[in-house]
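Biologist: I have a chain here that I would like to go through with you, one question at a time. Could you show it first?

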Amino acid sequence: MIALRIVPRPERSLAGDERMQAMPAFGDLLSDEEMAELVNYLRVRWGGRPSDVDADRVREVLGE
């Protein structure tokens, strides 16, 4: 689950003064339920995917 860890990416210049930067990691800050909510938001908003991730799936991916 990418939201758990920082994904190194070089900064990239976009139109105007905007830049694409690495997404910060949230693995140590969010509960499994909060992580599922974040992942679902990203899936729906940016990926056009269903919001079908729950806390049990987060624990499964983490191997807990």
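Biologist: Which residues are exposed on the other side of α1?

Modeller: This is a predicted model, in which local features need pLDDT of at least 70 and side-chain atom pairs count only at pLDDT 80 or more, while totals for chains, interfaces and linings use all residues. Residues are numbered from 1 along each chain as its sequence is written, and side-chain values use heavy atoms, with hydrogens and water left out. Buried means under 20% relative accessible area, exposed over 50%, and partly exposed in between, with a 1.4 Å probe and protein chains only. By that rule the exposed residues on the other side of α1 are Glu37, Arg45 and Trp46.

Biologist: Which residues of helix α1 are buried, and why do they line one face of the helix?

Modeller: Helices (H or I, at least four residues) and strands (E, at least two) are DSSP runs, numbered from the N terminus, and helix α1 spans residues 32-47. Its buried residues are Asp32, Met35, Ala36, Val39, Asn40 and Arg43. Seen down the axis of α1, they line one face because they fall within an arc, taken from the directions from the helix axis to the C-beta atoms, of 135 degrees.

Biologist: What is included in the cover of the buried residues of α1?

Modeller: Contact means heavy atoms within 4.5 Å. The cover over the buried residues of α1 includes the helix at 55-62, namely α2.

Biologist: At roughly what angle do the axes of α1 and α2 cross?

Modeller: Axes are lines fitted to C-alpha atoms, for helices over the stretch in contact, and angles run from 0 to 180 degrees between N-to-C directions. The axes of α1 and α2 come within 8 Å of each other. Angles under 35 degrees count as roughly parallel, over 145 as roughly antiparallel, 65 to 115 as roughly perpendicular and the rest as oblique. The two helices are therefore roughly perpendicular, the crossing angle being roughly 100 degrees.

Biologist: Which residues make the contact of α1 with α2?

Modeller: The α1 side supplies Asp32, Glu33, Met35 and Ala36. The α2 side supplies Ala55, Val58, Arg59 and Leu62.

Biologist: What is the relative accessibility of methionine 35?

Modeller: Methionine 35 is found in helix α1, and C-alpha to C-alpha it is 9.2 Å from valine 53, which is 18 residues away in sequence. Methionine 35 counts as buried, at a relative accessibility of 1%.

Biologist: Which residues does asparagine 40 touch, not counting residues up to four places away in sequence?

Modeller: Asparagine 40 lies in helix α1 and counts as buried at 12% relative accessibility. With those sequence neighbours left out, the residues touched by asparagine 40 are Pro50, Ser51, Asp52 and Val53.

Biologist: Which residues are in contact with aspartate 52, leaving aside its neighbours within four places in sequence?

Modeller: Aspartate 52 is found in the loop between α1 and α2, and it is exposed, with a relative accessible area of 52%. Apart from those neighbours, aspartate 52 is in contact with Asn40 and Arg43.

Biologist: In what order do the elements of the chain run from the N terminus on?

Modeller: The chain has two helices and two strands, and buried residues make up 17% of its 64 residues. From the N terminus on, the order is β-β-α-α.
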